[in-house]
Amino acid sequence: MSEKQNLSAVEYIKLKSHGLRGTLLESLQDAITGAVREDDHALMKFHGMYEQDNRDLRAERAEKKLDKLYSFMVRMRIPGGLVTPQQWVAANHIAGKYSTGVIKITTRQTIQLHGILKNNIKPTLQSFSKTALDAIAACGDVNRNVACASHPHQSAIHAQIHAYADKISQLLLPKTRAYYEIWLDEEKIEELNEVDPLYKDSYLPRKFKVGIAIPPNNEVDVLTNDLGLIAIIENDELKGFNIAIGGGLSATHGNANTYPRLATVIGFTDTEEKTLKAVYEVLTVQRDFGNRSDRKLARLKYTVDKMGVEVFKKELETRCGFTLEAPKKVLFTARKDEYGWVKDYQNKWHYTLFIENGRVTDENDYNLKSALLAVAQSGKANYRFTSNQNLILSDIVETDKATVESILTEFDIINKQSNLSSLRVNSMACVALPTCPLALAEAQRYLPALIDKIDIILAKHELQNEDIIIRMTGCPNGCARPYAAEIGLVGTSSGQYNLHIGGDRIGTRLNTKYKEHLNEASILGELNTLFSLYKKGKKATETFGDFTVRTQLV
Amino acid sequence: MLNEIKIQQWNALIATLSKDELTWVHGYIAGKLSIGTIEPTVTASAINTTQKVTITYGTETGNSKKLAADFAAKAKKVGINAKLISLDQYRLTDLAKEDYFVTVISTQGDGEPPIAAKKFYDHIHQNGFTIPKLKYGVLALGDTSYPLFCKTGEEVDAQFEKLGATRFAPLQKCDLEYETEANEWFNKVLQLINTPTVETLVATVLPAKKITTKKTYTGTIATNINLNASGSNKQTHHIEIIADDVDYECGNSLGIVPENDLETVTEILTIVGINRSKIIAFKKESDTVINVLTKKANIAYLQENTIKKYAAIIQQEIPIVRIDLLDLLKIYPVKDAEQFIEVLSILNAIPPRLYTIASSPIAHNGEVHLTVAKDVFEIDGLRKFGLCSRFLSLQKTNTQLNFFIQPNKRFKLVEPTKDIIMIGPGTGVAPFRAFVAERDATGASGRNWLFFGDQHFTTDFSYQTEWQNWFSTGVLTKISLAFSRDQEEKIYVQHRMLEQAKELYEWIENGAIVYLAGTKNPMGKDVEHTLVQIIKEQGNKTEDEAAQYFEKMKDELRYMEDLY
Ligand code: SRM
Ligand SMILES: Cc1cc2nc3c(=O)[nH]c(=O)nc-3n(C[C@H](O)[C@H](O)[C@H](O)COP(=O)(O)OP(=O)(O)OC[C@H]3O[C@@H](n4cnc5c(N)ncnc54)[C@H](O)[C@@H]3O)c2cc1C
Ligand SMILES: Cc1cc2nc3c(=O)[nH]c(=O)nc-3n(C[C@H](O)[C@H](O)[C@H](O)COP(=O)(O)O)c2cc1C
Ligand code: SF4
């Protein structure tokens, strides 16, 4: 069992939190500060929130004898990233009223609002609750937002598979009513009758992520999840799921014991009952065997490697009471969103927009936020977020297509979307500065400009039409999954990035660090060299990632 | 020496006197000669008919009230029937019926009457009636550091005469150290009342003994930062002045005579075409035109009587409304440089501005800190700034600044063991930063509760990090915050006080001292009302009982305010 000696600080906080309540109510009363009390930081995460402060303003405010400008980022729980137009309208207004106004679509198909002051947290969560959205377990040492292949066109039975996202999310929710009491003013009920057989009183050792893929597209990056489910479909019938465990990307600069890892496929389950049981028990094994003294080594990937895949699988099967079948053969061919108009098997239309780094806002005469509000207000499209921080205006019936199209045209969206470079529509960057406390370098504020420059080089080598996947993060935590990209840029310090290459296009091979601490000039220089080699030496349909590996550049 | 008639009257009087009465007359005359240095040995029995006197006061910060009250007590002791009343309570129609009438009145603002005396002041100035029966004496409180010293007292004294009343005691002007002078003066008043004489004094003024204690310091600006974060509607400057020799107490304020801004002055010079270095006389000192215009003469928002004088000089009809000199010169130009020199001679000196000190001589040794809100106002759509607050906001570090320390009798930090409740929204927070810093430095045992408020938590929480430190170390026991514009409905400190009414009243009943500082209107008024309401409800008292309770707190200095 997990080492009980020297538990990490967070473990004690969880243990004495009375079902994640801690001193949150008191923290809200502390009018002298915009922050919450020390121990409550960790607990806020279980309620979907992170305390942050605007790092750009720290120095100025200190001189003015003002405390840091604390605010909170709230991340919603939206399994499979599907919301109704009404919910989008609500989110739009809530964002405008209580946050920076920017709606951030994340790499796990949900949305985040930033800059919410302590006093505005309750109004924010209460407004979301009115539209049937919550932030429970969006963060914290629990199962996070369940990602799922988002485009209905991916399969005739997409809806049936997509439903698993919600089922799993429900199955793995903590039982405590703390969220309802603290944020929604629900009557306090006895903590005793909220025993939680899954999470007990110390939850998981670390965050836990589940993703569901529908081959042949792997846009959810299924193997980067702690637990990946790969749908096995034979002539439009769901046979079951391949189960993969131990994915996770983060590494810490200079800590050899930490590494990105793709999930290992360990078996197959046919029925829904078995699948859900297996999912559930993977968590209980991690709960009982995961490392609770060193949070850097607490993710499932380390538990799996520590126990060994086979031992882990045995333990799992014992707990399940059944053995896993041999995994089915799967073929992934792509890892991208189907941009533009696509018609699915029910003859419904879907329009996928590329949203740069998932930031929905109105800026430099690109009024994306207003356009999306208008579409939502027409009530004619559902909103589906993709794992690439993009958005699908979905489930539009033939007769409504024109209306939606006209709104998009009116706001000049369609035209602007068609003028985006291939590299850009295959790019992702994490939030990083100014809100992310862990950021070492810029990411979403910088990548767009960098791509302008890289595009010029690509054009020079006539590679502008290649679908090269490029991802940037402000630190090695890997929030934009840079290690699973063909070009990964990982921030090491202000203006400096490690360059990773050699990832494949379908997300089944991680990249490798190629060069360290590059500034912009060096990044462009290195890429220029690589692109010219690629141009000269590439086989017919060979991807950039495969090329760099074949030619042993890494 | 005495003429025939007087001698006869005198002898006639003497003949009727008993031995006691003779001794009294002897003492009285001695007293009268030695200008009141000995108390008259009057006893009630001694006087055939008891005299009546109405003692009125017009006060802003309470000094006049305190004096008037002492006077009334004194008068009663010697058997004079004294009626004590504040000028804002005084029934104006009673003036005609009055016999002896004493007024203690201070001067405020830029030579203006205290708000509480405004009604009375305006009434006596609207001539059209006479009060021949009235016998009056005026004691004027003032401060020699203001150019219009005891202006209001002077005006009241002169105006009574105009209305046909009899000045039975000379006008006494007093500086900040007024006690001795005031009491000596009142002793004389008592004697005069007790010996009804027919003689009426011609306008005589007993000048104030200018107190020497008030000293001008020169300090160096060490820090000048705007406390408000970007995005705020406010601009509040925290200014740290280094002056090793400075001597002050928490609760004092600092007086500064601002300089006029150079652009305006230069524009005036060019308009009137005068040589900037020409030497002229201003208020008995000779100096260059440029120095007078920048450092000495008030050219902003001229007083009405200055406008009148200006009109006289340039011999034109001018609407008597307050206006800046520059604008006046533009609309009603002077003939030439010579005429402008005449204009200079009618200008008042720049009045000093006060800023309550935000530092403690113990905690911030050798330094004086200020919390200065840049005063912004609009005149026909034009954004303008207050003279002194703008002047201070522009002070660069390492520049020198002249100032004086303004003591405040009715606003002091109490002994260390007492609990204190500090209510100071906006710049009202200044003295309380000083109080808490001092109590921190001296390890005072009393509890400290601060009520602070402003517009926005994120941009306007003055000294937030300092309060946080004091709160975490326990020096600051409680802090109640009201940020008016962080939610739909406006929330002010008085709302927080009501929320905390029970505890607040417990503290007060426990002997806590209540302090209020900041702007008088509307904040000061609202908070006072709220306090009375809390006393009424928590102590289940009637309106009057509550009011009395509050008055008592004021008199016993258990409630002190620093409002402006
Ligand atoms: C919003 C998002 C990036 C984005 O631009 O979309 C994000 C943003 C943050 N991540 Fe992440 N992560 C996001 C997806 C990821 C992913 C990608 C994924 O899950 O597919 C990863 C890598 C996969 C993995 O988990 O291994 C990821 C690995 C991390 C880690 C490293 C975890 C570890 O195993 O060490 C941290 C740091 C930590 O947890 O200690 C982290 C922490 C954070 C925090 C909360 C920083 C913090 O802990 O204070 C970032 C908030 C920044 C901000 O101001 O919003 N985030 N984070 C993504 C939100 C996903 C969601 O909706 O739940
Ligand atoms: C005991 C005491 C303590 C104080 N403590 C503080 C403190 O701690 N902090 C602080 O910020 N202040 C404090 N004050 C207020 C301060 O003294 C000044 O009154 C304030 O700074 C405004 O002065 P000013 O010279 O900037 O504005 P001024 O130039 O004196 O103007 C003041 C007002 O006069 C009117 N006015 C001026 N010029 C014109 C014009 N041309 N046309 C029309 N109207 C005009 C405007 O209404 C303007 O708001 C205190 C006052 C007192 C009496
Ligand atoms: C804002 C302010 C303005 C003042 N202006 C004058 C003035 O113009 N002339 C003067 O002689 N005294 C002036 N004084 C001084 C007061 O008259 C003096 O402090 C007096 O003792 C106050 O008495 P009170 O408490 O009865 O109002 C001023 C005081 C303050 C606070
Ligand atoms: S990758 Fe690092 S910098 Fe970027 S959001 Fe995640 S934690 Fe922050």
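In the predicted model examined here, B:Lys384 is partly exposed, with a relative accessibility of 23%, and its side chain meets that of B:Asp324 in a salt bridge with an N to O distance of 3.0 Å. B:Asp324 lies in the loop between helix H9 (304–314) and helix H10 (325–331) of chain B, whereas B:Lys384 belongs to strand S16 (residues 382–385) of chain B, so the pair ties together parts that are 60 residues apart in sequence. B:Asp324 is likewise classed as partly exposed, its relative accessible area being 22%. Salt bridges that share partners also occur, and they join A:Glu11, A:Lys14, A:Asp141, A:Arg292 and A:Arg295 into one network.

In chain A, a salt bridge is formed between A:Asp221 and A:Arg471, whose closest N and O atoms are 2.9 Å apart. This pair links distant parts of the chain, 250 residues apart, with A:Asp221 placed in the loop between strand S7 (210–213) and strand S8 (227–234) of chain A, and A:Arg471 in strand S19 (residues 470–473) of chain A. A:Asp221 counts as buried because its relative accessibility is 0%, and A:Arg471, at 2% relative accessibility, counts as buried as well.

A further salt bridge connects A:Arg58 with A:Asp53, the closest N and O atoms being separated by 2.6 Å. Here A:Arg58 is partly exposed, with a relative accessible area of 34%, while A:Asp53 is buried, with a relative accessible area of 8%. Over all chains, the structure holds 76 salt bridges.

Terms used
Residues are numbered from 1 along each chain as its sequence is written. Chains are lettered from A and ligands numbered from 1 in the order in which they are written. This is a predicted model: local features need pLDDT of at least 70, side-chain atom pairs count only at pLDDT 80 or more; totals for chains, interfaces and linings use all residues. Side-chain values use heavy atoms; hydrogens and water are left out. A salt bridge is a side-chain nitrogen of Lys or Arg within 4 Å of a carboxyl oxygen of Asp or Glu. Buried means under 20% relative accessible area, exposed over 50%, partly exposed in between (1.4 Å probe, protein chains only). Helices (H or I, at least four residues) and strands (E, at least two) are DSSP runs, numbered from the N terminus.
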